[in-house]
Amino acid sequence: MEQKTIFITGASRGIGKSIALLFASRGYHTFLNCSSSVDELKKLRAYITEKYHTPCTLVPGNVGNPDHVRTIYNKIYQECTHLDVLVNNAGISYINLLTDMTDEDWNRIIQTNLSSVFYCCRQAIPPMVSKRSGKIINISSMWGTSGASCEVAYSASKGAVNSFTKALAKELAPSHIQVNAIACGAIDTSMNGHLSKEELDELACEIPAGTLGKPEGVARLVKLMLESDDYLTGQVIQYDGGWI
């Protein structure tokens with residue numbers, strides 16, 4: 001049986017790392033990306049190859065840059081003919097008043113959170129269409145649905161990812177390629193590292209489930225979505241403890 005392949009952006013920690021570990025444990029050839037935390041990515045590769053004995057290829061680069069993405073996919077396609085799964089997980093936040101944002105801040109958010117999804121999908125889709133098989137999961141946010149004060153650019157980028165997901169799913173459904181998104185709530189990752197323990201406790205009290213989500217839970221949801229048939233496509237699944 002041909003070994004399955006998965007490409008995960010933003011895989012050096014948090015949600016991306018948890019997805020990488022889960023699919024490596026299931027025998028996938030994992031292609032792992034990050035922009036700057038290459039040492040952490042190398043540690044993850046060492047762990048995967050030692051524990052699971054599955055191939056793991058590092059493809060670092062800024063997925064918000066189309067030239068970097070072309071280089072990344074050239075390396076991927078040197079090792080496989082197509083991807084079975086693409087997980088667009090790379091993302092950054094910006095918390096401040098909109099009027100305090102610079103042009104550079106805005107462009108960095110949009111390029112990392114939204115343009116990267118376009119660039120990575122554009123490169124992944126042609127071989128998937130040729131094979132008439134493939135799955136794309138976009139990691140989004142509940143703020144893309146409801147919006148968050150002082151996170152306007154982040155909310156706008158994730159709202160666009162949700163719309164992108166729904167539209168692309170319609171485009172690719174005839175080719176049996178599923179496109180879905182997970183709209184995450186507050187997940188216990190370094191993205192919330194700016195919050196103190198007291199602030200995290202207060203945040204948990206706002207969530208009906210009474211706790212922050214775990215990146216491992218997001219990874220398990222990705223697995224469940226990938227195990228579904230072609231009829232699950234164009235969906236933005238809320239994973240937020242009942243918050244929204």
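Modeller: A helix here is a DSSP run of H or I, at least four residues long, and helices are numbered from the N terminus. The model is predicted.

Biologist: Where does Glu206 lie?

Modeller: Glu206 is in helix α7, which covers residues 197-206.

Biologist: Which residues form a negative surface patch?

Modeller: Glu198, Glu199, Glu202 and Glu206 form it.

Biologist: What makes this patch negative?

Modeller: Glu counts as negative, and the members are Glu198, Glu199, Glu202 and Glu206. Therefore the patch is called negative.

Biologist: How many salt bridges does a search of the whole structure find?

Modeller: The search finds 6.

Biologist: Why are Asp67 and Arg70 called a salt bridge?

Modeller: The cut-off is a side-chain nitrogen of Lys or Arg within 4 Å of a carboxyl oxygen of Asp or Glu. For Asp67 and Arg70 the N to O distance is 2.9 Å. That is within 4 Å, so the pair is a salt bridge.

Biologist: How are Asp67 and Arg70 placed in helix α3?

Modeller: They are 3 residues apart in α3 (residues 66-79), which means about one helical turn separates them.

Biologist: What makes Arg70 neither buried nor exposed?

Modeller: Buried means under 20% relative accessible area, and exposed means over 50%. Arg70 has 36%, so Arg70 counts as partly exposed.

Biologist: How do you know that Arg108 and Asp105 form a salt bridge?

Modeller: Their closest N and O atoms are 3.8 Å apart. The limit is 4 Å, so the pair qualifies. Arg108 and Asp105 lie in helix α4 (residues 103-131), 3 residues apart, or about one turn of the helix.

Biologist: Is Asp105 buried or exposed?

Modeller: Asp105 has 16% relative accessibility. That is under 20%, so Asp105 is buried.

Biologist: What links Arg26, Lys223 and Glu227?

Modeller: A network of salt bridges links these residues. Within it, the side chains of Glu227 and Lys223 meet at 2.9 Å, N to O. That is within 4 Å, so they form a salt bridge. Glu227 has a relative accessible area of 45% and is partly exposed.

Biologist: Now the nonpolar core. Which residues touch the most other members?

Modeller: Ile19, Leu32, Ile139 and Ile182 do, in the largest nonpolar core of 29 residues. Elements that each supply at least two residues of this core include β1 (5-8), α1 (14-25), β5 (134-141), β6 (177-184) and α8 (215-226). The largest share, 6 residues, comes from α8.

Biologist: Which residues make a nonpolar surface patch?

Modeller: Leu98, Trp106 and Val152 make one of about 260 Å².

Biologist: What makes His53 exposed?

Modeller: Exposed means over 50%. His53 has 65% relative accessibility, so His53 is exposed.

Biologist: What is the phi of Cys150?

Modeller: Cys150 has a positive phi of about 70 degrees, although it is not a glycine. Cys150 lies in the loop between α5 (143-146) and α6 (152-172). Its relative accessibility is 27%, between the 20% and 50% limits, so Cys150 is partly exposed.

Biologist: How do you know that Ala11 is buried?

Modeller: Ala11 has a relative accessible area of 0%. Buried means under 20%, so Ala11 is buried. Ala11 lies in the loop between β1 and α1.

Biologist: Is Thr233 buried or exposed?

Modeller: Thr233 has 18% relative accessibility. That is under 20%, so Thr233 counts as buried. Thr233 is in the loop between α8 and β7 (236-239).

How values were computed:
Residues numbered from 1 in each chain as written. Predicted model: local features only at pLDDT ≥ 70, side-chain atom pairs only at ≥ 80, totals over all residues. Heavy atoms only, no water. Patch = residues over 30% accessible without salt bridge, like charges linked within 9 Å, V, L, I, M, F, W, Y side chains within 5 Å. Areas by Shrake-Rupley, 256 points an atom, 1.4 Å probe, with all protein chains shown as cover. Charge placed at Lys NZ, Arg CZ, Asp CG, Glu CD. Core = buried A, V, L, I, M, F, W, Y, C linked by side-chain atoms within 4.5 Å. Buried < 20%, exposed > 50% of the residue type's maximum accessible area, 1.4 Å probe, protein only.
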